[in-house]
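Hi,

Here is the structure I said I would pass on.

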Amino acid sequence: MAKILTITLNPAIDITIELETLHVGAVNRQQHVQLHAAGKGLNVAQVLHDLGHDVIVSGFLGVRNREIFDRHFEEMHFENQFIYIPGETRQNVKIAEHSGRMTDINGKGFLVSESDKQRLMLQIHQAAQEVECVVIGGSLPQGFSVDDLKALMDMLQKANKLVAIDTSGEALVAAISMHPWMIKPNTDELEESYGKKLTELSEQIELFKALDSRIEHVVISMGEDGVHWLNPAQALKSLPPKVEVKSTVGAGDSLLAGMIHGLVSKLSAEETLQTATAIASNAVSQIGFRVPTEEKLLNLKQQTTIKSLS
């Protein structure tokens, strides 16, 4: 198994509240509540750990409410390389209704200083020497610009690291311009970033051709419509199994982790996409996104269809 570094620049404490139905403007009674250390990079790290990989985690964390993260890192046996800065890590409230609808109220987050960024760059430069692949996931905190993101990616690419990106908006556009090894946007994120309809394969191919993209693996998630994987060898599509949707939180992160797992483990293209799609399908069927048992994963894979689009 591989050693992988995940970077979460703007993590969060997720407070997930389960309700039968959300009644706006009225008193609602929760059925269950969960608090956990979150952020795209950390979610990817959790799934990669479940799949047997060694994981280093890095990024920024507020020192005032670090305890929940420290406990999580210890429980998951992550190697903690986070930079602790003044203030608190943001809190995100997620309201999960039994219908599968999710309402998010995301916190603003801390402000990153120039010295914080310098410390992070030095820390990541050192940590990256030990790993095969680096994942940068999530939004950018205040004070960390798209140019800072590009400088971070440039440093990692000059060190010949495989860089996978999962972000949105201006950060996604900036990341794509750097031609990383892998990106994993969903169609909403692509359409928001480029201001055009991008649901069809032909539209997606045309976009990346127009951008003169040299990204090796473009993985586009489309919810219940499946996943498109564009790579130099071939284009593939997966159609996920039908499951009862309880929460979409962590599904995209699970997909990305599954794709990285398959590629660094040198699985076939079909096996890689099938496994990743099955893991993501399991994620939407629960509150949380841990990898299913081997038996359940096999069952989900058998219900996942892979089609060649080449």
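First, a term: I call a residue buried when its relative accessible area is under 20%, exposed when that is over 50%, and partly exposed in between, using a 1.4 Å probe and protein chains only. Keep in mind that this is a predicted model, so I took local features only at pLDDT of at least 70 and side-chain atom pairs only at pLDDT 80 or more, while totals for chains, interfaces and linings use all residues. Residues are numbered from 1 along each chain as its sequence is written, and side-chain values use heavy atoms, with hydrogens and water left out.

Let's start with Gln46. Gln46 is buried, at a relative accessible area of 9%. It belongs to helix α1, which covers residues 40-50; helices (H or I, at least four residues) and strands (E, at least two) are DSSP runs, numbered from the N terminus. If contact means heavy atoms within 4.5 Å, then Gln46 touches His72, Met76, Phe78, Phe289 and Arg290, leaving aside residues up to four places away in sequence. Take Met76: it is 30 residues from Gln46 in sequence, yet the C-alpha atoms are 7.3 Å apart.

After α1 comes Gly52, with a positive phi near 105°.

Now the aromatics. Rings of Phe, Tyr and Trp (its six-membered ring) pair if their centres lie within 6.5 Å; planes under 30 degrees apart make a stacked pair, over 60 an edge-to-face one, and the rest are tilted. That rule gives 4 aromatic pairs. In one of them, Phe60 and Phe144 have ring centres 6.1 Å apart and planes at 65°, so this pair is edge-to-face. Phe60 sits in strand β4 (residues 54-62) and Phe144 in the loop between β9 (133-137) and α4 (146-158), so the pair ties together parts 84 residues apart in sequence. Both Phe60 and Phe144 are buried.

Phe73 and Phe82, by contrast, are stacked, because their ring centres are 5.4 Å apart and their planes are at 10°. Phe73 is buried at 3% relative accessible area, and Phe82 is buried at 5%. Ring pairs also join Phe69, Phe73, Phe78 and Phe82 into a cluster. Phe78 is also one of the residues that Gln46 touches.

Cheers
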